[in-house]
Amino acid sequence: MKKSAMFLGAVILAFALALSGCGSGGNEEEEKPPVGPVDSTVYVTLPEAPEYEQVDKSGYKTYYFDAENGNDANDGTSVEQAKKTLSAANALIAATKSATPTQILFKGGSKFAGELHVTKFAATEKTPLLVSSYGNGKAFIDGDGKEQAVLITGSNVRVSDLEITNKTGLKGIYVYTTGSYKNLVIENCDIHNVNWNWTESESEESWATHMNDLGVKGVSKVDPTFQYETGGIVFFTPAGDTPCKLENVWVKNNTIQKVSKSGILLSSNWVKRFGLGWGVNKYCDDEHGYYPSRNVNFLGNKLYFTGGDGIVMIGVENGFMDGNVSYHSNFLGRKGFANAGIWSISSKNVVIQRNEAAYSHLDNGAADGQGLDIDIASENVLMQYNYSHHNAGGGLLMCNTGTEIQLYDEEGNPREENGFPVFENKRGNWEHAVIRNNLFVENGNGTAPTFANVTGSCYDVLVENNTIIFNPAVPTQQFMKVFLWDTEKMQYGKAERFVFRNNIFYGATENTGKFNFENMEEYLFVGNVYHNMSEAFREGAADSRMLIADPQLTVPAQADGYDKVTAYAPANADMFTNGLKLSEKNLLDIAGNETKGIAYFGAICKN
């Protein structure tokens, strides 16, 4: 994982440079070097997710399935001799051995009812089991109310190009990890109407207009099945005696809509540690008794109208969430549930970049409702080049707390003191987040802040070169709200060490919002642009290099689509000359422009 190591080094370098100070602004005199100006800035290139190898299919044995014209009495080895049912496919998959590379193909446009079991097979990394469609279009698999439409258990498998629904069932694709599995790919599937028993017209206009009476006229029997481990693509584990984890996972270019509760969720019973108190693993430290999934990549997925969360990683080391779209997350929100668009929790070394998160809801008593989230016990998260807009709960959530857990030694034996088991109560290790070159546009309805909610003991955050546009419909809106998680005991402490520099804080109209950072220790605003910001905000920021100026931004009337980021380039040329000269910054801005030699504010370095 060389790329992950490089990313971690870049994050640590960013904090070292941020806390040691910034270079001079472009409008201050400097001692000139003997021969021309020298740009000493370290330019950080875009980290890319690892790729999986392409498969040589020349030695594969192929079986065909046709729900209309097939016959299970056929041998299935040709289109003309296709088999018919999922039951026959399940039997062939279970009989697959590593010595015989196998692909299972379903006829495009053909409809299969029931569960597809991708289980009990044996395959290798070089010759994985392949499950896909043939002919025109995608094969259609209807779970028909079963627990899931597709069940995957095992290593070395690729599932692609299927259309999946399970209207009254709980899951579309369910990856049930009963050990240590590697090399899973789920790609280019269309998944819709899962745990989403809509009782009105199926037209988008119908269900979109019933947001305020969901569960009454909308999705029937929502509450009993509104659970984390339900939805479009779900990864989970049993709670037995065998440690479970995944390695080398790609969920790529899938379209998921009208699913509940989660669009894409990777979770586990084997990642309990401080901050995340549930699970069955016998935790000693992060090297012993802890089983995170590694090299997990959620790339280029498009999610629309998810009942709860859009995309979630839980207990991951070295992950990418890149190029995804989440619209209308938290759509079926319920009291007691906190959901957001795209987020990670209790994870290390995660890159969240080039995503668009928009229109997250806060209805029916639901909580959160942000577009993006760096949640409890997150370490070394790089959040860059994201477009978060029009989310009811705000652009971003950062939160942390602690938990009490029982401790074990390296061999899994309970630690004891004076004959009693040892329990320790400690904050989750949330630290080192870089939030850079993002667009946060008109987020937050009602009392929600436009940029972020910060709750609990989040440490060491660099907020740099972002464009943050306030919601003009909320003139009293705050930039950020900072809360304690544990108000009574305060045992886990406050947020600490936040640095804000080279950002644009923009209001189309005058803002009168408060500045309330009393629940944060050690914060610094330096070298940011303020337009139509309240006096309370400017005084609270105490920015020694404050620039009060109109960047001349234009918010497009049609804001949807990542390609719209270029529309937010400032028209004021001062935005490209007077920024702080940073010791380290991204080589590219959010619009793909090269930033070399440009001391710019906000997310875009030129118009």
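**View 1. Strand β6 and its parallel partners.** In this predicted model, strand β6 joins strand β9 (residues 157-160) in a parallel pairing of three bridges. Within that pairing, Val131 has Val159 of β9 as its bridge partner. Strand β6 also pairs with β3, again in the parallel sense, through five bridges. In this second pairing, Leu105 faces Ser132 of β6. Six of the six residues of β6 are buried, so the strand is largely enclosed by the rest of the structure.

**View 2. Helix α2 and the elements that cover it.** The buried residues of helix α2 are Leu86, Ala88, Ala89, Asn90, Leu92 and Ile93. The cover over these residues includes the strands β2 (61-65), β3 (102-107) and β4 (111-113). Strands β5 (116-118), β6 (129-134) and β7 (139-142) are also part of this cover.

**View 3. The nonpolar cores.** The largest nonpolar core of the model comprises 87 residues, and Phe106, Met398, Phe479 and Met480 have the most contacts inside it. Helix α2 (residues 86-94) supplies the largest share of this core, with five residues. A second, separate core has 23 residues, among them Tyr385, Ile469, Phe576 and Cys605.

**View 4. The surroundings of Met398.** Setting aside neighbours within four places in sequence, Met398 touches Ile374, Trp430, Ile435, Ala452 and Asn453, among others. The contacts of Met398 also include Val454, Thr455, Cys458, Val461 and Phe498.

**View 5. Leu184 in strand β12.** Leu184 belongs to strand β12 (residues 180-187). With a relative accessible area of 3%, Leu184 is buried, because this value falls under the limit of 20%. Beyond its neighbours within four places in sequence, Leu184 is in contact with Ile152, Gly154, Ser155, Val157, Val175, Leu246, Asn248, Val249 and Trp250. One of these residues, Asn248, is 64 residues from Leu184 along the chain, and the C-alpha atoms of the two are separated by 6.5 Å.

**View 6. The aromatic pair of Tyr327 and Tyr359.** The structure contains 35 aromatic pairs. One of them is formed by Tyr327 and Tyr359 in an edge-to-face arrangement, with 5.5 Å from centre to centre and 85° between the planes. Tyr327 is part of strand β22 (residues 325-327), whereas Tyr359 lies in the loop between β26 (356-358) and β27 (367-368), so the pair ties together parts that are 32 residues apart in sequence. Tyr327 is buried, with a relative accessible area of 11%, while Tyr359 is partly exposed at 23%.

**View 7. Lys261 over two rings.** The charged end of Lys261 sits over the ring of Phe226, at 5.9 Å from its centre. Lys261 also lies over the face of Tyr228, where the distance to the ring centre is 3.3 Å.

**View 8. Confidence along the chain.** The protein chain has a mean pLDDT of 91, and 89% of its residues reach 70 or more. Across residues 1-13 the pLDDT is below 50, and this stretch has 21 contacts in the model beyond near neighbours in sequence. Residues 19-36 likewise stay under 50 in pLDDT, and the model has 27 contacts for them beyond four places in sequence.

Note on methods. Residues numbered from 1 in each chain as written. Predicted model: local features only at pLDDT ≥ 70, side-chain atom pairs only at ≥ 80, totals over all residues. Heavy atoms only, no water. pLDDT = per-residue confidence, 0-100. Contact = heavy atoms within 4.5 Å. Core = buried A, V, L, I, M, F, W, Y, C linked by side-chain atoms within 4.5 Å. Buried < 20%, exposed > 50% of the residue type's maximum accessible area, 1.4 Å probe, protein only. Helix = DSSP H or I, 4+ residues; strand = E, 2+ residues; numbered from the N terminus. Phe/Tyr/Trp six-rings, centres within 6.5 Å; stacked < 30°, edge-to-face > 60°. Lys NZ or Arg CZ within 6 Å of the ring centre and 35° of its normal. Pairing = 2+ DSSP bridges.
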